[in-house]
Amino acid sequence: MNRKLNVFLSLALALAFVLAACAPAAGSAVTYPTETINIMAPASPGGGWDGTARAMQPVIASVTGQTVQVYNVSGAGGTVGLAQFVSEAKGNPHELMVGGLVMVGAIQTNKSPVNLTQVTPIALLTAEAEAIVVPADSKYETLQQLVDDFKADPTAISWGGGSAGGTDHILVGLIAKEVGVDPDKINYIAHSGGGEAVAAILSGAVTAGVSGLSEFTDQVEAGTMRLLAVSSEERLAGVDAPTIKEAGVNVALMNWRAVFGAPDLTTEQRDAVVAVIEKMHDSPEWQQALETNGWSDFFKSGDEFDAFLTAEITRIEGVLRDIGLIE
Amino acid sequence: MDVLTNLLHGFASALTLQYLLLAALGVTLGTAIGVLPGIGPALTVALLLPLTYNFDPTGALIMFAGIYYGGMYGGSTTSILLNTPGESASVATTFEGFAMAKSGRGGAALATAAIGSFVAGTISTLLLTFVAPVIARLALLFQPADYFSLTVLAFMSVTALVGKSFLRGMVSLFIGLFIGLIGIDVLTGQPRLTFGLTELLDGIDVVVVAVGLFAVGEALYVASQMRHTKEEILPVKSRVGMTREEWRRSWPAWLRGTLIGFPFGALPAGGAEIPTFLSYTTEKRLSKNKAEWGHGAIEGVAGPEAANNAAFSGVLVPLLTLGLPTSATAAILLVAFQIYNLQPGPLLFQKSPELVWALIASLYIGNVMLLILNLPLIRIWIKILAIPRAVLYAGILVFGTLGVYSISNSFMDVMIMYAIGVLGFFMRRYGFPVGPTILGVILLPMAEAQFRRALSISQGDPSVFFTRPLSLGLLLAATAAVILPYIPALIARLRRKPVKVDRVVFGDGQED
């Protein structure tokens, strides 16, 4: 259906282009973009990747003067979209895809035939900290207390969070590893949506909850949950909780989101795309979008992003192996 | 009363000419898009959401409510006229709805669906207005063990739906379970029954199964019978409304459907499908003319339609009071809120009361608008039935294909739908009821996940199902649901009087 709308829009806009093309074009060495840019959100509408793609859309359009379209290909932690992107976008700098930490994990747990080394990393955009909470009437006041009991009897502590092998599960795995608990013993209760996990925590079914900070902000403010720690490197402004590191467990994890380019781009093409994304990042509209959505800026582009991505892939693979999701 | 004052303020801000026009526009657009099979209310709203960006929040919400109700009603229209449910919550409507349409009473079926939606929408919005916080607190008492017991109760209540032949019913149910288990296991993240296909990792959408089984299966079956049966011209009685008798029979079904739908919707993991099936079997059990079932009993449309509408207002309870999106539609609604920088949740009523009350007021308005616009449209819709059968079923295939493709732009989904359609054809051909398959897809995987969650939390101790009072109560109710229908027969047997056991048969269509 989206596609139908897209077809309609592209026809309408194609007409606009023909008209625009009649105007004299400014000469420049590398001309990019020269046509409509398509951004794939490899998830259904409403999620974080979709939100990121839709936030990029108007900003890229305004910095390049080109039309930008967003389309969704949902499924399996983004690996369905990734597979389609790898096979259909090859060599085309006008095709972009949003992705992130969850995709890194999903590629490994789903034994995806395609992976992120096949696409061209463009830039890291945003990151969100994870939060560890307990219900308001829980006996745990601090993360140390929770971790002490976790060490004493790992399976007695049930952790409620999102999908198995997702960011929330990975964080619990990292904590277990750091405090010397056999990650195999983690009693992780996976839920299919943020809402379901929040309900499980509020009902007192699980000992503790793990999810993106924004899922819990309102509950914490309303006093129905207690925020024990956040997973960022440093304390977050406006959040009254220590980091996991401050609580004595040397773990930090950010749920990052990034934009990728098509497979097999030439260096010139990649640099041109990176330049556009950098321009987008520097624009006041993007800064406004970050603020509106409550995302932290986590911008890294080019080689810096490449190095970060490689390190994350290795780290995530290690944890997933430890918690027994991949052999 | 505080609630009333707030509500009146809500109406004051919602009742202007401009907003009424937006509501009318929303209902019209929603209906128009919602009649495409496979496109349910959630997708309709997602598609039309960008239209609301241009309005102020109140206007957008009003239009949104209109689109939603329109989409919902549009989905029922295709269930009734084309045997093609737009979403899982209107699957139960197809059983009697399409049978009514085939016997020339499509107009009455559409009318009872529209008026039933209105009645249920209004009552459940009233419940939302006055008891939302209480219901939300009760809903939060449910833990995995209780959810499991709830699915047992739901299953036992509809167990009679396996049909005349127990064996065939169970085969059909297990086909559903098989389809329902395909995909990544939510608890362990491991793929099951995916045969290495990436497209199967997220499982098969219930709508794909329903359109395949009902629309494609039925079309193939009809096609296979074409040469053997004379083309019967469907008797299109052009009367659009309901007779006095039909009104009399619809009323209690609407009310019961509402009372079943609302609390289920309010449960964070309740969903809108189960109450429609429960309502269907309740109506069938209570019905005095059981022979009519399968050939178009109006209660079988009135009940489920009321239930799915009431479930929507139910879904708003956890969304508005706790910030929990518990259905696809609620998730989209959450996006709509976020556009205006509002985070539904425990603080929403304090932070932006004007908007919440404007939304609630607009639900009332959307409801009324739906009724006003759609009752006259029924006259046009039922003309569809005058189309010759060959053309009609070809049209059903085209629309079904379009609808299924548009769920996630996936060609694979279309292939799966046709494969399931062929399966549906053989099931019809050899007298297997198709209803239990859908139930297997929806209910059993949910029961499985909750069962394992409960045991995981209790560290493997199964007594959790009996020690939690809520769970125990639900299990006892489930036991009662199994035993009760047999009690009259048992008593009769004790008195040595032969009595036919009154078994409920469900969605078994024509058997030859």
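B:Gln459 sits in the loop that joins helix H18 (435–457) to helix H19 (464–467) of chain B. Helices here are DSSP runs of H or I with at least four residues, and strands are E runs of at least two, numbered from the N terminus.

Me: What kind of model is this, and how is it numbered?
Reply: This is a predicted model, where local features need pLDDT of at least 70, side-chain atom pairs count only at pLDDT 80 or more, and totals for chains, interfaces and linings use all residues. Residues are numbered from 1 along each chain as its sequence is written, with chains lettered from A and ligands numbered from 1 in the order in which they are written.

Me: What is the phi of B:Gln459?
Reply: Near 55°, a positive value in a residue other than glycine.

Me: Is B:Gln459 buried or exposed?
Reply: Count other C-beta atoms, placed from the backbone, within 10 Å: 20 or more means buried, 12 or fewer exposed, in between partly exposed. B:Gln459 has 12, so it is exposed.

Me: Where is B:Leu193?
Reply: In the loop between strand E2 (191–192) and H9 of chain B. B:Leu193 is not a glycine, yet its phi is positive, about 55°. It has 14 other C-beta atoms within 10 Å, so it is partly exposed.

Me: Which helices does H17(B) pack against?
Reply: Contact means C-beta atoms, placed from the backbone, within 7 Å. The buried residues of H17(B) pack against helix H8 (166–181), helix H9 (206–225) and helix H16 (389–408) of chain B. Among those buried are B:Ile416, B:Leu423 and B:Phe425. B:Gly431 follows H17(B), with a positive phi near 75°.

Note on methods:
Contact = placed C-beta atoms within 7 Å.
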